[in-house]
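Subject: Structure handover

Dear colleague,

The structure you asked for is below. My notes on what was found in it follow.

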Amino acid sequence: MRGTIDNVPAGMHGFHIHEGDSCAEDGKAAGGHFNPRDVQHGHLPSTGVENAHAGDLGNLQGSDHTTTDWSLEVTELTLTPGEFSVANRPFIIHADPDDLSQPTGNAGARIACGVIALK
């Protein structure tokens, strides 16, 4: 996965894929973290889908409201239909860092939302 996000405040911010299909209601319609296996919160890139929500991507480093480029390798997620498909799911950037605590990482308010859309 890779992307470019504009206007992310400086600092670390929790970054998750959520289970819903919309960013309506200031991101509340995105629902909880994408978690098809009903496991505890964690860090998907380092522990895999058996030990973390499929949407637990960790943290994103913001840089003073300029462009933030990011990349992350997560082998379990896919854009094709299936248990770990993230197509048409929203991602959320939170106000605070994800501290990996239970149940959702204590990352604070939802400050940005976008939907992973297929072209």
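In what order do the four strands of the open sheet stand? The order is S3-S2-S5-S6, and the pairing is antiparallel. Strand S3 (56–62) and S6 each have a single partner strand and stand at the edges, so one side of each is left without a neighbour in the sheet. From one strand to the next the twist averages 25 degrees.

Before the rest, the ground rules. This is a predicted model, in which local features need pLDDT of at least 70 and side-chain atom pairs count only at pLDDT 80 or more, while totals for chains, interfaces and linings use all residues. Residues are numbered from 1 along each chain as its sequence is written, and side-chain values use heavy atoms, with hydrogens and water left out. Helices (H or I, at least four residues) and strands (E, at least two) are DSSP runs, numbered from the N terminus. Two strands pair if DSSP finds at least two bridges between them.

Strand pairing

S2 and S3 pair in the antiparallel sense over five bridges. Glycine 11 has glycine 62 in S3 as its bridge partner. S1 and S4 also run antiparallel, joined by four bridges, and glycine 3 stands opposite tryptophan 70 in S4. Buried means under 20% relative accessible area, exposed over 50%, and partly exposed in between (1.4 Å probe, protein chains only).

Aromatic rings

Rings of Phe, Tyr and Trp (its six-membered ring) pair if their centres lie within 6.5 Å; planes under 30 degrees apart count as stacked, over 60 as edge-to-face and the rest as tilted. By this rule there are two aromatic pairs. In the pair of phenylalanine 15 and tryptophan 70, the ring centres are 5.0 Å apart and the planes are at 70 degrees, so the pair is edge-to-face. Phenylalanine 15 lies in strand S2 (residues 11–17) and tryptophan 70 in strand S4 (residues 68–71), so this pair ties together parts that are 55 residues apart in sequence. Phenylalanine 15 is buried, at 4% relative accessible area, and tryptophan 70 counts as buried at 17%.

The other pair joins phenylalanine 15 to phenylalanine 91, with centres 5.9 Å apart and planes at 70 degrees, so it is edge-to-face. Phenylalanine 91 sits in strand S5 (residues 90–94) and phenylalanine 15 in S2, so the pair ties together parts that are 76 residues apart in sequence. Phenylalanine 91 is partly exposed, with a relative accessible area of 21%. Phe15, Trp70 and Phe91 form one aromatic cluster.

The largest pocket

A pocket is found on a 1 Å grid over the protein atoms alone, as an open set of points with protein on both sides within 12 Å along at least five of seven lines, where lining residues have an atom within 4 Å of a point. The largest pocket has a volume of about 440 Å³, a volume being the space filled by probe spheres set on the points. It is lined by 26 residues, and the closest to its centre are Met1, Arg2, Trp70, Phe91 and Ile116. S1, S2, S5 and S6 are the elements that give two or more residues to the lining.

Backbone and loops

Most residues other than glycine have a negative phi, and most peptide bonds are trans. Asparagine 7 has a positive phi, near 65 degrees; asparagine 7 lies in the loop between strand S1 (2–5) and S2 and is exposed at 54% relative accessible area. Aspartate 26 also has a positive phi, near 55 degrees. Aspartate 26 is in the loop between S2 and helix H1 (44–47), and is exposed at 69%. The peptide bond from glutamine 102 to proline 103 is cis, with omega near 5 degrees, and proline 103 lies in the loop between S5 and strand S6 (110–115).

Regards

Note on methods
Axes are lines fitted to C-alpha atoms, for helices over the stretch in contact, and angles run from 0 to 180 degrees between N-to-C directions. On a 1 Å grid over the protein atoms alone, a cavity is a set of points where a 1.4 Å probe fits but cannot get out, and a pocket is an open set with protein on both sides within 12 Å along at least five of seven lines; lining residues have an atom within 4 Å of a point.
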